Amino acid sequence: VEEESGQELGLDRSTAKDFHFYHMDLHDSEDRLQLFPEENTRMRKEVVQAEMANESRGAGDGKAQRDLQEEVDELVHLYGLEDDHELGDEFVDENMPRTGVSEYPPYVMKRRDPAREQRDWRLSGETVEAEDLGFGGWGSAGQCQDLREAYRYTPGRASEEYECYVIPEEEDEEEAADVFCVTCKTPIRAFQKVFDEHKEHEVIPLNEALESAKDEIHKNMYKLEKQIIEMENFANHLEEVFITVEENFGKQEQNFESHYNEILETLAQKYEEKIQALGEKKKEKLEALYGQLVNCGENLDTCKELMETIEEMCHEEKVDFIKDAVAMADRLGKFLKAKTDVEISAQPEFEDQTLDFSDVEQLMGSINTIPAPSAPVINPQAPNSATGSSVRVCWSLYSDDTVESYQLSYRPVQDSSPGKDQAAFTVTVKETYCSVTNLVPNTQYEFWVTAHNRAGPSPSSEHAVYMTAPSPPIIKTKEIRSCEEAVLICWESGNLNPVDSYTVELTQAESPEASDVTESVVGIPTCESLVQLQPGRSYIIYVRALNTGGPSVRSEPAAVHTIGSYFRLNKDTCHPWLIISEDGLSVVRSERRIPARDLSSSDTRFTRCVAVMGNLIPVRGHHYWEVEVDEHLDYTVGVAFEDVTKQEDLGANCLSWCMRHTFASSRHKYEFLHNRTTPDIRITVPPKKIGILLDYENSKLSFFNVDLSQHLYTFSCQLHEFVHPCFSLENPGCLKVHNGISMPKHVTFY
């Protein structure tokens, strides 16, 4: 447009090329136009046209035009209108006459000028006011500031050819908080603890606060889940009551409808009968009156005829009169002798009808007199419908009987047969279900139910046997054995009657209150279970018992650590001369002895060798434990099969591998015995703590001096079965076992 205008007017291109005009539909120009009055659009067009007309006039007006252009550029730059490059096409028509300057600033854009880019767009308040007043009195400094805010663009919206000067936004970039103020319960920066109001407050690391908040939320979520379950159960109960109300209403409505229909039918029948009888009486009365009316009319006609005949006779001659008078006298005598009935044969009144409503009254009374209900149908026990002390019994009605209440009776079952000699307990409810409480765990009960209304009770339902859930098992914490890969858990049932199965639940020890179960082993038929675990972890173990009634509550928890091998000494194998400590990790031989002749031989208890075995978990892999000994004590430590002969010394057969120490005359003798043989090995430093490594994978048994990290000896064993640690004391003293510990580094090489 500018080029064509320059050719027509003969202008120098250097003057015209500084102005380019663009449409208003770029960069939210519609919003910007709302800042100016609509009636001033024509004046803005005239401003642009007047400037272009002044540029085409001679050199005499060039200087004034350039001054005007500089002022326009400054205002355009001030208002951020550089990229509004489509205003010209909308407001400028090159064929229109160019007029003088308007009071509104022109909407123009200029090409990028490096010198112009260096200009400070932050004009002082005085400059803005001076330019505004000098340019037709356009607004005040405050209005200019409003325009600056209105024309503030976001970065990246300017075109590639023309630059939009963006008013920079001041961003407050604060440093991220790195600690948490416990007192204020808000994240803060570390330096605020030293210099700010948080100086005396307690602060913790942000990660610790985050974990604490997560734990708290997790606990609250667990409580919320429990509350949700309770509310869902309550909602289900309300729904059942709602359904029961609907069913009872339907039954009552149907009962009323049937009775009232029967009453209406009876009344309609009686009405028809009475109306029919009344109509017959009406017909009979009308027929009698009609016959009497006909007779009366005939008599009246006869009387009139006789009167006419007598009148005619009176006008006859005497002779004729006499002749006819005799006959007439006879006729009149006969007519008058006949008796005329002037009594009304039927009275217009009807007799009062006696209405018999006895049957209707009986029907009306039957509305309130409902029949006794039929026998309910008791449902079999549903899975998981019982606890250790309660059971939920359900029944139903297959008829439309009206029931006001139910009576549930029950009694315990003894020796697989109902206890008929025992008194039955009863519970009265209005719903078709009942939760019976205060029952004995893992016990069968016989239930039956009757329905009642004001007419009486129904026959009894069939008898059904329900069973309460078992009591929680009791974990034998002293018999728990573990290693790095597994744990062997033993428990007592805690129930007189047998249960169907057991379930073992494991939870990470770091979150014992968490509801999530790390692992669950179900369908365990016996009172022990070998569970595979991850090494280096701590677990909390629970056990549940299950039967047809459902699961028991959790047992008391037991802690398990998969760090090394953990076992206790087996009292069932202990020689009578030995005493095992309460924790099962120490064995003591006292001075007093029971005479050897009083010791009876046994397959499980040592009698010849004063020894005891440990209960090692039956898991193949690596097992390591340590034994604290007295260097002046005669002892034997090692491993043996469970069926090792208890009447022989350890190491005297092929079923045991042992290290034996004897002390005599200030000399230490060490033997590594298997089947009564030992290698020729000398140990110069008596160990005070012996480490024992059992390696099932490589069939080896190694002994170490723990204090010196010294390897003593290694057996190559034929471990076709599981072995157990064994300990023997030849004279009074004590051995202390250390287990459940990590394997030392020097042990891993063997």
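UniProt positions are given here in the numbering of this chain, with shortened feature names, and such annotations may be inferred rather than shown by experiment. The model is predicted, so local features need pLDDT of at least 70 and side-chain atom pairs count only at pLDDT 80 or more, while totals for chains, interfaces and linings use all residues. Residues are numbered from 1 along each chain as its sequence is written, and side-chain values use heavy atoms, leaving out hydrogens and water.

Figure 1. An unreviewed UniProt entry places a "coiled-coil region" at residues 261-288. In the model this stretch is 100% helix and 0% strand, and its end C-alpha atoms stand 41 Å apart. Helices (H or I, at least four residues) and strands (E, at least two) are DSSP runs, numbered from the N terminus.

Figure 2. Leu-238 sits in helix α11 (residues 206-314) and counts as partly exposed because its relative accessibility is 45%. Buried means under 20% relative accessible area, exposed over 50%, and partly exposed in between (1.4 Å probe, protein chains only).

**Figure 3. Two loop residues with positive phi.** Ser-665, not a glycine, has a phi of about 55°; look for Ser-665 in the loop between β27 (656-664) and β28 (667-673). With a relative accessible area of 72%, Ser-665 is exposed. Arg-676, also not a glycine, has a positive phi of about 65° and belongs to the loop between β28 and β29 (689-695). Its relative accessibility is 62%, so Arg-676 counts as exposed.

**Figure 4. Nonpolar cores.** The largest core holds 38 residues, and those with the most contacts inside it are Trp-625, Val-637, Phe-703, Phe-727 and Leu-735. Strand β26 (residues 635-641) gives the most to this core, with four residues. A second, separate core of 20 residues includes Val-393, Leu-397, Cys-434 and Leu-439. Each core is a set of buried Ala, Val, Leu, Ile, Met, Phe, Trp, Tyr and Cys residues joined through side-chain atoms within 4.5 Å.
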